[in-house]
Amino acid sequence: VSGNDVLLVGNKKDILPKSVKPGKISQWLMERAHEEGLRPVDVVLTSAQNKHAIKEVIDKIEHYRKGRDVYVVGVTNVGKSTLINAIIQEITGDQNVITTSRFPGTTLDKIEIPLDDGSYIYDTPGIIHRHQMAHYLTAKNLKYVSPKKEIKPKTYQLNPEQTLFLGGLGRFDFIAGEKQGFTAFFDNELKLHRTKLEGASAFYDKHLGSLLTPPNSKEKEDFPKLVQHVFNIKEKTDLVISGLGWIRVTGTAKVAVWAPEGVAVVTRKAII
């Protein structure tokens with residue numbers, strides 16, 4: 001970013017459970033930015049869809065830009081164009097100035113919006129990160145990685161050697177530890193299925209596309225194989241499948257998360 005100020009905007013705040021504290025989200029976003037070599041000057045949480053905190057976003061942009069152009073940059077599917085439309089509507093009353101391409105979450109081209117002082121806001125094409133789940137789904141299944149409503153956590157009491165399937169998109173294994181609750185944070189329409197760890201791989205192969213969906217029976221042939229990631233958890237931790245959701249582990253446990261080959265699985269301190 002060549003020394004330019006970076007304002008970090010967390011969009012889609014409204015889909016997070018109300019039990020998530022905004023301060024923890026802001027802190028986590030800042031930590032992730034630092035890990036990537038960025039030093040944001042500030043963080044603001046918003047929801048462009050329901051216009052939450054749009055005025056605060058505008059005020060912070062004005063405070064930090066000091067007459068300079070503003071570039072809105074982000075990965076696909078984070079609602080950049082919706083955010084800019086909300087900003088424009090707040091200022092001018094105009095609606096849906098920016099359109100997106102057929103693939104949801106992707107702006108067609110760089111778009112410039114003039115500001116009163118002769119500078120511009122630029123909406124840039126979404127950055128494609130292949131480690132996100134969205135890039136392995138068909139258009140109709142993108143709803144599972146783009147929740148529109150508040151996520152309702154689901155807690156499962158699991159014994160060691162039990163498995164939780166995340167539709168057909170992933171899998172969570174409780175390998176060893178004391179019986180405990182694991183809380184899943186995924187789109188409300190994604191069906192989770194509990195079974196025994198023994199034979200889980202054969203169960204997946206047999207039921208993928210039928211009991212375990214998405215993908216459906218026609219899509220499963222092109223869906224990447226699941227890859228195992230093993231973790232030894234010793235403190236309250238979130239296991240995050242990039243672009244899909246996360247599972248909170250509260251006790252000491254050896255677990256495994258299976259995700260499509262190429263999709264990242266990372267850990268973080270639990271945000272709830």
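Trainee: Which strand does Tyr71 lie in?

Mentor: This is a predicted model. Tyr71 belongs to strand E3, residues 70-72.

Trainee: Why is Tyr71 called partly exposed?

Mentor: Its relative accessible area is 48%. Buried requires under 20% and exposed over 50%, so Tyr71, at 48%, is partly exposed.

Trainee: Which residues make the nonpolar surface patch with Tyr71?

Mentor: Val73 and Ile127 make the patch with Tyr71, and its area is about 300 Å². Patch residues need over 30% relative accessible area, and Tyr71 has 48%.

Trainee: What makes Arg268 buried?

Mentor: Arg268 has a relative accessible area of 10%. The cut-off for buried is under 20%, so Arg268 is buried. Arg268 lies in strand E15, residues 265-269.

Trainee: Which residues does Arg268 touch, leaving out those up to four places away in sequence?

Mentor: Arg268 touches Trp28, Thr237, Asp238, Val240 and Trp246. Trp246 is one of the residues of strand E13 that are buried.

Trainee: Why is strand E13 called largely enclosed?

Mentor: Five of the five residues of E13, residues 245-249, are buried, so the strand is largely enclosed by the rest of the structure. Gly245, Ile247 and Val249 point one way, Trp246 and Arg248 the other, and all are buried.

Trainee: How do you know that E9 and E12 each pair with E13?

Mentor: Pairing takes at least two bridges. Strand E9, residues 180-185, has four bridges with E13, in the antiparallel sense, and Ala184 stands opposite Ile247. Strand E12, residues 237-241, is joined to E13 by five bridges, also antiparallel, with Thr237 opposite Val249.

Trainee: What lies between the strands in the hairpin of E12 and E13?

Mentor: Three residues lie between the strands, and Gly243 takes a positive phi near 80° in this hairpin.

Trainee: How do you know that the length of helix H3 agrees with its residue count?

Mentor: H3 has 13 residues, 80-92, which at 1.5 Å a residue should span 18 Å. Its end C-alpha atoms are 18 Å apart, so the two values agree. H3 is followed by Gly93, with a positive phi near 90°.

Trainee: Which elements do the buried residues of H3 pack against?

Mentor: They pack against strand E1, helix H2, E3, strand E4 and strand E5. The buried residues of H3 include Leu83, Ile84, Ile87 and Ile88.

Methods
Residues are numbered from 1 along each chain as its sequence is written. This is a predicted model: local features need pLDDT of at least 70, side-chain atom pairs count only at pLDDT 80 or more; totals for chains, interfaces and linings use all residues. Side-chain values use heavy atoms; hydrogens and water are left out. Helices (H or I, at least four residues) and strands (E, at least two) are DSSP runs, numbered from the N terminus. Buried means under 20% relative accessible area, exposed over 50%, partly exposed in between (1.4 Å probe, protein chains only). Contact means heavy atoms within 4.5 Å. Patches are made of residues with over 30% relative accessible area and no salt bridge: like charges are joined within 9 Å, nonpolar side chains (Val, Leu, Ile, Met, Phe, Trp, Tyr) within 5 Å. Accessible areas come from the Shrake-Rupley method with a 1.4 Å probe; for residues, only the protein chains shown count as cover. A salt bridge is a side-chain nitrogen of Lys or Arg within 4 Å of a carboxyl oxygen of Asp or Glu. The expected span of a helix is 1.5 Å times one less than its number of residues.
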